[in-house]
Amino acid sequence: MNKQSFLYKAYDLYADGFRHMTIGKTLWAVILIKLFIIFAVLKLFFFPDFLKEHAQGDKPEYVANEVIERSNPPGVP
């Protein structure tokens, strides 16, 4: 890659910044741990598999029926 190109300069800026980080590495570790907790742990305990409970086998069919039913409110032809 050409050392005068924008992409190289941007990469070099970030690589150099992360290389010389001291407390930042600890902060990045905290951020990654928090993201793991948010997306992995909370999903397991607070967001059940709705389709598994309601679809009774054929998930695409259930979703298609729900979309059709919800797009046509009662009383509208």
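Tutor: Accessible areas come from the Shrake-Rupley method with a 1.4 Å probe, and for residues only the protein chains shown count as cover. Here the protein chain exposes about 7400 Å², and carbon and sulfur atoms supply 68% of that area.

Student: What kind of model is this, and how are its residues numbered?

Tutor: This is a predicted model, in which local features need pLDDT of at least 70, side-chain atom pairs count only at pLDDT 80 or more, and totals for chains, interfaces and linings use all residues. Residues are numbered from 1 along each chain as its sequence is written, and side-chain values use heavy atoms, with hydrogens and water left out.

Student: What is the mean pLDDT of the protein chain?

Tutor: pLDDT is the predictor's confidence in each residue, from 0 to 100. The protein chain has a mean of 85, and 95% of its residues reach 70 or more.

Student: How many helices and strands are there in the protein chain?

Tutor: Helices (H or I, at least four residues) and strands (E, at least two) are DSSP runs, numbered from the N terminus. The protein chain has four helices and zero strands, giving the pattern α-α-α-α along the sequence. Confidence is lowest in helix α3 (residues 50-54), with a mean of 83, and highest in helix α4 (residues 59-71), with 89.

Student: How is the span of helix α2 read?

Tutor: The expected span of a helix is 1.5 Å times one less than its number of residues. Helix α2 (residues 23-46) has 24 residues; from its first C-alpha to its last it reaches 33 Å, close to the expected 34 Å.

Student: Where is the kink in α2 centred?

Tutor: The bend at a residue is the angle between axes fitted to the seven residues ending there and the seven starting there. In α2 a kink of about 30 degrees is centred on isoleucine 37.

Student: What radius of gyration does the protein chain have?

Tutor: The radius of gyration is taken over C-alpha atoms, and the globule rule is 2.2 Å times the number of residues to the power 0.38. A compact globule of 77 residues would have a value near 11 Å, but the protein chain has 24 Å. Its C-alpha atoms fill a box of roughly 65 × 35 × 25 Å along the principal axes.

Student: How much of the protein chain counts as buried?

Tutor: Buried means under 20% relative accessible area, exposed over 50%, and partly exposed in between (1.4 Å probe, protein chains only). Of the 77 residues, 5% count as buried.

Student: Which side chains meet in salt bridges?

Tutor: Side chains of opposite charge can pair when their charged atoms come close. A salt bridge is a side-chain nitrogen of Lys or Arg within 4 Å of a carboxyl oxygen of Asp or Glu. The structure holds two. Aspartate 16 and arginine 19 meet at 3.5 Å, N to O; they are three residues apart in helix α1 (residues 6-19), so about one helical turn separates them. Aspartate 16 is partly exposed because its relative accessibility is 34%, while arginine 19, at 52%, is exposed. Glutamate 66 and arginine 70 meet at 3.2 Å, N to O; they are four residues apart in helix α4, so about one helical turn separates them. Glutamate 66 is partly exposed at 21%, and arginine 70 is exposed at 66%.

Student: What is the phi of glutamine 56?

Tutor: Most residues other than glycine have a negative phi. Glutamine 56 has a positive value, near 55 degrees. This residue, glutamine 56, sits in the loop between α3 and α4 and counts as exposed because its relative accessibility is 73%.
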